[in-house]
Each structure stands twice: as structure tokens, then as C-alpha cells.
Amino acid sequence: FKTADFGANVGVVSLPLAANGVHVMAIEAHPMNFMALTTAARLNGLRNLLPVNMAALDGAGLVALSGMSAWVTAGIRGGDVTVPCDTLVNILQAYDFADVDVIKIDIEGAELPALNGADAFFAGIDQRRRSSSRATIILATFLAMIGRICYAGLRSADSRPIRFVKT
């Protein structure tokens, strides 16, 4: 089972999924959040979590980010840090995750630009469903906000507590 977590932040959704055997690509743009995410993945021994440090937008290039922690916004200039960006489909294809089962998107208002050009990709879902049991679901949610309330008690498949790293 494969999940792509766009806007992974520090791993509130990605870490519990990976700890329970799901193959996760965790895409996080902000370098501080990305560092916390990768550190937590390493501390938890999660080899099935693929961290990707970039932003999902409406094209390939560079984007300036402003803000800290969960509240990062993307713009053309004037940001605190610059990171690479690309479309959701290009990111999935570049990291061999085009056969993803679930896509979670929580990228601070950039959801629609990130889906630019995704029509052909999602039109192909019906064909993929006929040839396999896979189904792609898009969730534009605030699961990370919900997760902050209860993530301290999350456990892996073998009942170990999941360790998070705060930014």
C-alpha cells in the first residue's frame, strides 16, 4: 500500500502510517520541518518512508517560502528560504509513486495549483483500477491539525510509541 503525503510537516500523518507498514512518500517544503521529519523517521527506523524536500505547485522551478512550522506560504520572492517545486504528478512520477493508493494534500492553499495538469493522470485511474485493485483517493484535509491533538499516543504495528521531533 502506498501513500503520498503532500504537506507532511513533521510527520503527523506520515510517521504513523509508515510505522504500520505503509510505504509513504512524505513531501515537505520547509527545511526545518523536513529535518524534523527525517530525524523522526530515522529515530523510528522507518525505512519505508521516503522524505522529499520540495514544494508542490503549478510547475517546476524554485519557490520562496515564508513562515515557520505548519504555517508556511509560497511566493515568488521575499521568502525566508527558497526550495525546488514541481507539480504533484511530476513529483509522483519522479519518485516512482505514480501507482499511489492514497494522496493526502494539506499545503496551505496551494492544493489547486499543485493539481495543475493532473487531469490525464487521474483520468488513467479508471484504467488502472480495471487492471488491479488499486484506487487513488485525494484528500485535501487538515489531518495534521487533528493529529496534533492525539499523536502523542500513536503506536507502531508492534506497539512501540512513535517518536516525533518538534520544530
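1. Is lysine 104 buried or exposed? Lysine 104 is buried, its relative accessible area being 3%; the term buried denotes under 20% relative accessible area, exposed over 50%, and partly exposed the range in between, with a 1.4 Å probe and protein chains only. The residue belongs to strand β8, which covers residues 102-105. Helices (H or I, at least four residues) and strands (E, at least two) are DSSP runs, numbered from the N terminus.

2. On the basis of the note: this is a predicted model, in which local features need pLDDT of at least 70 and side-chain atom pairs count only at pLDDT 80 or more, while totals for chains, interfaces and linings use all residues. Residues are numbered from 1 along each chain as its sequence is written, and side-chain values use heavy atoms, with hydrogens and water left out.

3. The partner of lysine 104 deserves attention. Aspartate 5 forms a salt bridge with lysine 104, and the closest N and O atoms are 2.7 Å apart; a salt bridge requires a side-chain nitrogen of Lys or Arg within 4 Å of a carboxyl oxygen of Asp or Glu. Because aspartate 5 lies in strand β1 and lysine 104 in strand β8, the pair ties together parts that are 99 residues apart in sequence. Aspartate 5 is buried, with a relative accessible area of 0%. Side chains of opposite charge can pair when their charged atoms come close.

4. How many salt bridges does a search of the whole structure find? The search finds 2. Besides the pair described above, the side chains of aspartate 99 and lysine 2 meet in a salt bridge with an N to O distance of 2.7 Å. Aspartate 99 is located in the loop between α3 and β8 and lysine 2 in strand β1, so this pair ties together parts 97 residues apart in sequence. Aspartate 99 is partly exposed, at a relative accessible area of 30%, whereas lysine 2 is buried, at 15%.

5. Lysine 2 has a further contact. Lysine 2 lies over the face of phenylalanine 97, at 4.6 Å from the ring centre; for a charge to sit over a ring, NZ of Lys or CZ of Arg must be within 6 Å of the ring centre and within 35 degrees of the ring normal.

6. The strand pairing can be followed from β1. Strands β1 and β8 run parallel and are joined by 4 bridges, and β1 also pairs with β2 in the parallel sense, over 5 bridges; two strands pair if DSSP finds at least two bridges between them. Alanine 4 has isoleucine 103 as its bridge partner in β8 and stands opposite methionine 25 in β2.

7. Which residues cover the two faces of β8? Val102 and Lys104 are on one side and Ile103 and Ile105 on the other, and all are buried. Isoleucine 103 has a relative accessible area of 0%. Strand β2 is mostly covered, with 4 of its 5 residues buried.

8. The largest nonpolar core has 27 residues, of which Ala4, Phe6, Met25, Ile27, Leu92 and Ile103 touch the most other members. A nonpolar core is a set of buried Ala, Val, Leu, Ile, Met, Phe, Trp, Tyr and Cys residues joined through side-chain atoms within 4.5 Å. At least two residues of this core come from each of β1 (2-6), β2 (23-27), β4 (55-56), β5 (61-68), β7 (81-86), α3 (88-94) and β8. The largest share, 4 residues, is supplied by α3. Another core, of 13 residues, lies apart from it and includes Ala8, Leu15, Ala41 and Leu49. In soluble globular proteins, nonpolar side chains tend to be buried together.

9. Most residues other than glycine have a negative phi. Asparagine 9, although not a glycine, has a positive phi of about 55°; asparagine 9 is placed in the loop between β1 and α1 (14-19) and is buried, with a relative accessible area of 7%. Aspartate 96, likewise a residue other than glycine, has a positive phi near 55°. Aspartate 96 is found in the loop between α3 and β8 and counts as exposed, at 60% relative accessibility.
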